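Please look through the sequence and the model below before reading on, and keep both at hand while you follow the explanation.

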Amino acid sequence: MTNSDASTPQGEALLDAVGTAFARLRRRTMQAPVDPPVGRKDLKRNLVLNLVDEAAAAGRDITVGGIADLIMVDSSVASRMASDCITHGYLIRTASQQDGRRTVLGLTEDGITLLGHFRSQQRQAFEHITRDWPAAERVEFARLLLKYADATAQLPAPGGEDGSSAR
C-alpha cells in the first residue's frame with residue numbers, strides 16, 4: 001500500500017483492521033506447532049528475559065519496578081515473574097553500577113540460552129505461519145515488522161517521557 005492508498009476506503013479499512021490483527025497475533029501465533037511446544041510459563045519468562053536483554057543492549061539498568069512499568073502490571077506481578085526467572089537460574093540480581101543502592105536484573109548464561117531457545121521457537125512459528133508465502137513476501141514482511149518494532153523505541157515508556165524506563 002502506498003501513502004496515497006491510506007485515504008481510500010480500502011486503505012482506511014486496512015488501517016482500521018490493524019488493531020484487531022494485533023490482538024490476534026499473540027494468541028494465534030502460540031498455536032503454531034513448535035518444538036517443544038510453548039507453555040504458559042514460557043511466555044512470561046520470554047517477556048521478562050527480552051526486557052532484561054533489551055535494557056542490557058541499550059546499556060541501561062532494569063529493575064523489577066522497571067519491568068512492571070514496561071509491561072504495565074503491578075509491581076508484585078513483575079516481582080513474581082522475575083523471581084521465577086531467578087529461581088530457575090535465568091536471571092541474577094546485582095547492585096547497579098550506576099547507583100549501588102538499587103538492585104538490577106541481569107541475564108545468566110542459562111537465561112541467554114533460554115532466550116535463544118525462545119527466539120528459535122518464534123522463528124519456527126513465523127516459518128510455519130508464512131510457509132505458503134513467496135520467499136520475497138516473507139522477507140519483506142520480516143523487514144517491515146522489524147522496522148515497526150524499531151519505531152516503537154521512539155515511544156515514551158510508561159512512567160517516562162523520553163523512551164526510557166523511569167526505574
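Which residues in the largest nonpolar core touch the most other members? This is a predicted model, in which local features need pLDDT of at least 70 and side-chain atom pairs count only at pLDDT 80 or more, while totals for chains, interfaces and linings use all residues. Residues are numbered from 1 along each chain as its sequence is written, and side-chain values use heavy atoms, with hydrogens and water left out.

The core in question holds 19 residues, and those that touch the most other members are Val48, Leu49, Val52, Ile62, Ile67, Leu91 and Leu105. A nonpolar core is here a set of buried Ala, Val, Leu, Ile, Met, Phe, Trp, Tyr and Cys residues joined through side-chain atoms within 4.5 Å, where buried means under 20% relative accessible area, exposed over 50% and partly exposed in between, with a 1.4 Å probe and protein chains only. Two or more residues of this core are given by each of helix H2 (40-57), helix H3 (64-71), helix H4 (75-87) and helix H5 (109-129); helices are DSSP runs of H or I with at least four residues, numbered from the N terminus. The largest share, five residues, comes from H2.

Apart from its neighbours within four places in sequence, Leu49 is in contact (heavy atoms within 4.5 Å) with Cys85, Tyr90, Leu91, Leu107, Gly111, Leu114, Leu115 and Phe118.

Turning to how the helices pack, the axes of H2 and H5 come within 10 Å and cross at roughly 115°, which makes H2 roughly perpendicular to H5. Axes are lines fitted to C-alpha atoms, for helices over the stretch in contact, with angles running from 0 to 180 degrees between N-to-C directions, and angles of 65 to 115 degrees count as roughly perpendicular. In this contact, Asp42, Arg45, Asn46, Leu49, Asn50 and Asp53 of H2 meet Gly111, Leu114, Leu115, Phe118, Arg119 and Gln122 of H5.

H2 also packs against H3, at an angle of about 110° and with the axes 11 Å apart, and these two helices are therefore roughly perpendicular to each other. Here Leu47, Val48, Leu51 and Val52 of H2 make the contact with Ile67, Leu70 and Ile71 of H3.

Finally, Glu127 has its place in helix H5 and is partly exposed, with a relative accessible area of 34%. Glu127 and Ala32 are 95 residues apart in sequence and 9.5 Å apart in space, C-alpha to C-alpha.

Note on methods:
Parallel < 35°, antiparallel > 145°, perpendicular 65-115°, else oblique.
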